[in-house]
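Welcome! Please take a look at the sequence and the model below, and then we can walk through them together.

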Amino acid sequence: MSVEILDGKTIESFVEDEGAFNSSVDGRFAALDTNHDGLLSYSEMAKELMSLRVLEKHFGVDESAMSHDELVELYRGLFAKFDRDGNGTVDLEEFRAEMKEVMLAVANGLGFLPVQMVVEEGSFLKVAVDRELAKAA
């Protein structure tokens with residue numbers, strides 16, 4: 001992890017650079033596709049979905065207050081956002097499309113004022129920051 005300064009434009013620029021964005025997203029897709037069939041099942045995506053940390057207390061939801069069934073329903077709902085055709089698996093195009101929407105939503109949420117964030121190495125946000133720094137050099 002590292003502390004980085006970024007704004008919405010940094011993320012938008014990364015998403016708009018189709019080559020860089022698709023390369024990064026395709027790499028994540030390949031890493032998640034453990035059986036190498038070109039499709040992501042719920043079980044292949046579950047760990048990634050849980051890493052989004054949508055249930056940490058700072059988001060206003062206490063994970064311990066949710067039942068197991070409620071947690072399963074929440075993560076299945078997240079998976080369904082990726083599985084746009086509803087066939088039970090996520091192909092590369094669906095993954096790209098949803099990641100683009102997610103990243104643009106993050107960019108919109110950040111706005112134009114720079115913020116300091118802790119980002120994980122290899123995350124899409126870290127790739128966006130590194131790309132922006134390389135352009136400035």
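## How two helices are described

Helix axes are lines fitted to C-alpha atoms over the stretch in contact, and the angles between their N-to-C directions run from 0 to 180 degrees. Helices (H or I, at least four residues) and strands (E, at least two) are DSSP runs, numbered from the N terminus.

With that in hand, look at α3 and α4, which pack at an angle of about 105 degrees with their axes 10 Å apart. Angles of 65 to 115 degrees count as roughly perpendicular, so α3 and α4 are roughly perpendicular to each other. From α3, the residues Y42, M45, L49 and M50 make the contact (heavy atoms within 4.5 Å), and α4 brings V72, Y75, R76, L78, F79 and F82. By class, this contact holds nine nonpolar, no polar and one charged residues; Ala, Val, Leu, Ile, Met, Phe, Trp, Tyr, Cys and Pro count as nonpolar, Asp, Glu, Lys and Arg as charged, and the others, Gly among them, as polar.

## About the model

This is a predicted model, in which local features need pLDDT of at least 70 and side-chain atom pairs count only at pLDDT 80 or more, while totals for chains, interfaces and linings use all residues. Residues are numbered from 1 along each chain as its sequence is written, and side-chain values use heavy atoms, with hydrogens and water left out.

## The overall plan

The chain has six helices and four strands, and from the N terminus on they run β-α-α-β-α-α-β-α-β-α. Of its 137 residues, 34% count as buried, that is, under 20% relative accessible area with a 1.4 Å probe and protein chains only.

## Strand β1 and its partner

Strand β4 (residues 115-119) runs antiparallel to β1, and five bridges join the two. Strands pair if DSSP finds at least two bridges between them; here S2 has V119 as its bridge partner in β4.

## The nonpolar core

Which residues of the largest nonpolar core touch the most other members? They are I11, M45, F95 and M103, out of 28 residues. Such a core is a set of buried Ala, Val, Leu, Ile, Met, Phe, Trp, Tyr and Cys residues joined through side-chain atoms within 4.5 Å. Helix α5 gives the most to this core, with five residues.

Leaving aside neighbours within four places in sequence, I11 is in contact with L6, M103, V106, A107, L110, L125 and A128.

Terms used: Buried means under 20% relative accessible area, exposed over 50%, partly exposed in between (1.4 Å probe, protein chains only). Angles under 35 degrees count as roughly parallel, over 145 as roughly antiparallel, 65 to 115 as roughly perpendicular and the rest as oblique.
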